[in-house]
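Here are a few notes to read alongside the model, for anyone meeting it for the first time. Take them in order, with the structure open.

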Amino acid sequence: MSVDTPLLAAVIGWPIGHSLSPLVHGHWLRRYGIHGYYIPIGLRPENFEAGIRALPRLGFAGVNVTLPYKETVLNMASTISDRAALIGAANTISFKPDGSIHADNTDGYGFIENLRQNEPDWNPKDGPALVLGAGGAAKAIVSALLKAGVPELRIANRTRQRAQNLVEIYGARVKVIDWNKASQAAQGARTVVNTTSLGMKGHGSLNFSFQWCGSDTLITDIVYNPLITPFLAEARDRGLRTVDGLGMLLHQAAPGFHHWFGVRPAVDQALREAVLLG
Ligand code: ATR
């Protein structure tokens, strides 16, 4: 490609209006003075496959994939990273020179990097983790926590079978906890994470009692709207350390940006502000 051809990437979903990814990548493109564009593309399910296949011919280096396509995009990939294969979903797609698709999943990476950046003393190996929820996001987080070395992973979900399914995938280090005993299961845990949609604006609230948490239990939430969920606010009131969920979104975007635009981007306060201010 000639020097004046802009580099292109996108986020694909349906609907797509809510995605914050264009703000994240737009900030980095400006910051690093890169001649490129990152755009939201809404593709209806009937247009998804043809739409994706057209993108490399239009000059796109890759795309992020969001709801509802994170699983189905794997059917189109010619290569799949180990972590995406294990999770059964991808969020970061790169086009190879022949137009074929490499699928990766950076959600778990984003989750771990967010905790490492905001709580440098946090070591997942120090104690069990308690995961609330067993949906798509939980899968990536469970996988990443296990890889990071948690000695035991306790998981509680309203629909117990979904938690049980993760034991089938990840093995005996994962222990299923009754949804109504989730609070007690924080005893001895180093890490507690909410991966459910509870606490999100317009959703119900998470009923969790922090009395079983120790003073070194780190509390985190993947919900970032509001930034400080009632779950995080109550943990803070009890003097526990907390990390909000926005950083996961920012960190999961970094590998794609690096790959498509050639710069390893910084996740810092300026980026947070850019995204929060919209
Ligand atoms: P995602 O892929 O974004 O994680 P999801 O797969 O629909 O979304 O998962 C949402 C999670 O929030 C699930 O763990 C879900 O529990 P169920 O598996 O029982 O559906 C959880 N969740 C959503 N609403 C809930 C509620 N009112 N009470 C308890 N858990 C809830």
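1. Helices and strands here are DSSP runs (H or I, at least four residues, for helices; E, at least two, for strands), numbered from the N terminus. Keep in mind that this is a predicted model, where local features need pLDDT of at least 70, side-chain atom pairs count only at pLDDT 80 or more, and totals for chains, interfaces and linings use all residues. Residues are numbered from 1 along each chain as its sequence is written, and side-chain values use heavy atoms, with hydrogens and water left out.

2. Start with the second largest pocket, which holds about 310 Å³ of space. A pocket is an open set of points on a 1 Å grid over the protein atoms alone, where a 1.4 Å probe fits, with protein on both sides within 12 Å along at least five of seven lines; lining residues have an atom within 4 Å of a point. The volume is the space filled by probe spheres set on the points, which are joined across faces, edges and corners.

3. Who lines this pocket? The lining has 15 residues, and Arg83, Gly108, Tyr109, Ala144 and Lys147 are the ones nearest the centre. H4 gives the most, with 5 residues, while H3 (82-87), H4 (107-118) and H5 (136-147) each supply at least two.

4. By class, that lining has 7 nonpolar, 5 charged and 3 polar residues. Here Ala, Val, Leu, Ile, Met, Phe, Trp, Tyr, Cys and Pro count as nonpolar, Asp, Glu, Lys and Arg as charged, and the others, Gly among them, as polar. Domain 1 (7-105 + 248-277) and domain 2 (121-244) each contribute at least three residues to the lining; those bounds come from an automatic or database domain assignment.

5. Now look at H1 (residues 21-31). Its axis lies 10 Å from that of H8 (residues 246-261), at an angle of about 50°, so the two helices are oblique to each other. Axes are lines fitted to C-alpha atoms, for helices over the stretch in contact, with angles from 0 to 180 degrees between N-to-C directions. Under 35 degrees counts as roughly parallel, over 145 as roughly antiparallel, 65 to 115 as roughly perpendicular and the rest as oblique.

6. H1 also crosses H9 (residues 269-277) at roughly 135°, the axes coming within 9 Å. That makes this pair oblique.

7. Finally, check two prolines. Most peptide bonds are trans. Trp14 and Pro15 are joined by a cis bond, with omega about -5°, and Pro15 sits in the loop between S1 (7-13) and H1. Another cis bond links Leu67 to Pro68, with omega about 0°; Pro68 is in the loop between S3 (60-65) and S4 (79-80).
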